[in-house]
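Please open the structure in your viewer and keep the selection tool at hand.

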Amino acid sequence: MRYGHFDDGAREYVVERPDTPLPWLNYLGSGDYVALVTNTGGGYSFFRDARLRRLTRYRYNAPTDAGGRHVYLRDDEAGTFWLPCRELAGYRCRHGLGYTAIESARDGVAVETTFVVPPDATYELWRVRVRNARRTSAALSLFAGVEFCLWDAHDDATNLQRNLSVGEVEVEGATILHVSEYRERRDHFAWFTCSAETAGFDTQRDAFLGPGRGFDAPAAVVRGACSDSIAHGWQPCGVHHVRLVLAPGEEGEIVFALGYSENARDAKFDEHGRVDKRNVPAILPGAADAALAARSAEWDERLGRLQVETPNVHVDRMVNVWNQAQCMVTFDLSRSASLFETGVGRGMGFRDSSQDVLGFVHLIPERARERILDLAATQLPSGGAYHQYQPLTKRGNDAIGSGFNDDPLWLVLATCAYLKETGDRTILDEAVPYDNAAGSETPLREHLDRALSYTVERIGPHGLPLIGRADWNDCLNLNCFSEEPGESFQTVGNREGGVAESVFIAALFVLAARELGGERWAAAAAAMEDAVRAHGWDGAWFRRAYDHFGAPVGSAACDEGQIFVEPQGMCAMAGIGLDDGRAAAALASVRERLLTGHGVMLVQPAYTRYRLELGEITSYPPGYKENAGVFCHTNPWIVIAETRIGDGEAALDLYLRTNPSAREDVSDVHRCEPYVYAQMIAGRDAATHGEAKNSWLTGAAAWSLVAVTQWILGIRPEHDGLRIDPCLPRDWEGFTATRVFRGATYRIRVRGSGRVDALLVDGERVEGSLIPLQPPGAVVEVETISYTPEGQWSASAVRAAASST
């Protein structure tokens, strides 16, 4: 079942009914100011940090999309009203790149509300257009409002005994200012303003709603007038009331704006002792039109850096628009703020943000450079890293701490991806501190060396890396032994003296060490690969780990949890097992034991009881999250692994099983948005197999883009040029692509599905599949030449050989 459709030409997803299985979200803004907007106008807004600079309240676990932006239209003659963003009649929501427009109509009146954040602005605009389609004039009232959050979202939701007394506002003309704590400790404030003359306002929530009422039927809207209330404590809000009289066929437009401003500490007040509002912009009619045009041009430039045309509409749709847009959001926010991540308990993940760079770096390389240096500055002198850091301060999060032993290695992969994309080796010489301590600076290259050294200095009895608190799988807690209810698996003190090792970290180390290069790390990678071959192979797949007592995890010898997906993908990506058939055998085991119609499960058989020695993974019901859910983040690793052994059919098949566009027809089962990846899809053991959770903020975004563009389509940036090395299904006749790389534009035509033996670069033959670097500004025509019969290089022979391993 579908709830809408893709409008590929407009780069929009059009939601055709408001009762989607879950609120379907869009992100506006890409920088300091972020607004989350759902298909019914819900969501919340913040400046930089979703916890410490929250502008509006949102109720996450309410049964409907509660909170956010409230718009009401009242027929003043009939005394009736409705909520245009939630009205069933004539409803349509268009989620686009950087904007959302919600349309509906009732009783001969049509309303379109468009939300947009202008580039480089610290505010959002609501353009409300009201059209009278009646044969008679219409006397209407428009109400628009927000409920302010008292800045710290955690404190706002918990410290009511204090918060109900500290709320303060100021009103000047058509501008409402939220100034709680401004006179005391803050130099920032929020504001809600309007481009039209207002008939009234409210700033006290109770006055606007009335006793016993909710936002579905506020007393002020019912009676047709606000009370001009001023909040003193309790629950500050901002509501504007505008009257409209429209002739038949006439359309009126009003622009509302919600924003954030700061003043210098010594210039907080004007000459009258009120908040200095010089940084509050004047909002004029037409402001939203200019913002929409600027956003469109911005996305034209970004997306123009990578465009493809293939035989598969789901590949094109995700690569050309939605997957790249999601990579932008995950880069900006890591895993901090969505409808599933409240922005309260998490900052920017070290591991997460490093991986997000992989899918983002081609879009805005200079921002990727800045992010890499920010991450490196939270690294510890040992080479380890804080698991998270706060986006407002860019300092490590002590509450979570460190000891996730895979974390440092992801910084190496992020930096190498940046080097390949840009060729900017000056980043390696940048002086970066450890733990943001002044005077501790060393070149970034040393940070990367320490990241790899952190692994080799923490080796267990099998020659494999110690796992620490956890590796990529935060729920595999082999040193935790948590027995107390409510105890955090990630932060509880780990048992001393254990030898829990990770095969996954071993493979990740091999990949990272070979990416960084140099004789030292080549030798270390070879030694680690030997350890994986000797102690990480279980006969038909790679083991996952060894526990605190030295027993294997992810082995046929286990009664549950016999095979995990992560090492099967990462080992092949690192090149382990490609030469002896083990990688192919492991991938055959993945398809036999982990594959479902909704993607590859993380583990099988699922754990059916809590295992003290394994930790949080066994606390989930079977089929959910890490306990045998389909973790969309790891599926692209298997896609890449399939291309490493040359199986284009398997790679595309697996890619499409979690591709959101390809899942649109099962939206009633999937439930999450059909235009972005979710973190998890319920696995085969779950009662709701195929249901997705935690959309938008997931590493599946970056890895899926890397898997399909760099490995299936084979367009890979390398240090010495652009590689064109696709691994396609046999029935494809090729594809075309445009790729901007180091300032040059490459127009690529891949012919057939066979291996690329040579290239024509501007008509000149180049042996192999690497395009030499071209000068910035050049437009380069590239065509592939293949002598290998199509399909001959697929992995059938490799798999057959591997089956006897």
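How many bridges join strand β28 to β29? Select residues 545-546, which form strand β28, and you will find that 2 bridges join β28 to β29, with the two strands running antiparallel. Helices (H or I, at least four residues) and strands (E, at least two) are DSSP runs, numbered from the N terminus. Before going further, note that this is a predicted model, in which local features need pLDDT of at least 70 and side-chain atom pairs count only at pLDDT 80 or more, while totals for chains, interfaces and linings use all residues. Residues are numbered from 1 along each chain as its sequence is written, and side-chain values use heavy atoms, with hydrogens and water left out.

Now widen the selection to the open sheet of 3 strands in the order β27-β28-β29, where the pairing is antiparallel (two strands pair if DSSP finds at least two bridges between them). At the edges are β27 (501-502) and β29 (552-553), each of which pairs on one side only.

**Another sheet**

Next, select β37, β38 and β43, which in that order make an open sheet of 3 strands with antiparallel pairing. The edge positions belong to β37 (715-718) and β43 (770-772), each with a single partner strand, so one side of each has no neighbour in the sheet. On average, neighbouring strands of this sheet are turned by 25° against each other, direction ignored. Between β37 and strand β38 (residues 721-724), which run antiparallel, there are 4 bridges, and Glu-718 can be found opposite Gly-721 in β38.

**Packed helices**

Two packed helices are described by the angle between their axes and the distance between the axes. Axes here are lines fitted to C-alpha atoms, for helices over the stretch in contact, and angles run from 0 to 180 degrees between N-to-C directions.

Select helix α7 (residues 350-360) together with helix α18 (residues 700-712), whose axes come within 8 Å and cross at roughly 40°. That angle makes α7 oblique to α18 (angles under 35 degrees count as roughly parallel, over 145 as roughly antiparallel, 65 to 115 as roughly perpendicular and the rest as oblique). In their contact (heavy atoms within 4.5 Å), α7 contributes Gln-355, Asp-356, Leu-358 and Gly-359, while α18 contributes Ala-702, Trp-703, Leu-705 and Val-706.

Move on to helix α10 (residues 444-456) and helix α12 (residues 519-535), where the axes come within 12 Å and cross at roughly 25°; the two helices are therefore roughly parallel to each other. Among the residues making this contact are Arg-445 and Asp-449 of α10, and Trp-521 and Met-528 of α12.

Then select helix α13 (residues 566-573) and helix α15 (residues 635-644), which pack at an angle of about 45° with their axes 8 Å apart, so that α13 is oblique to α15. Their contact includes Met-570 and Met-573 of α13, as well as Trp-637 and Ile-638 of α15.

**A charged pair**

Finally, select Arg-302 and Glu-298, which both lie in helix α5 (residues 287-303), 4 residues apart, about one turn of the helix. Their side chains meet in a salt bridge at 3.3 Å, N to O, where the term stands for a side-chain nitrogen of Lys or Arg within 4 Å of a carboxyl oxygen of Asp or Glu. By this rule the count comes to 71 salt bridges.
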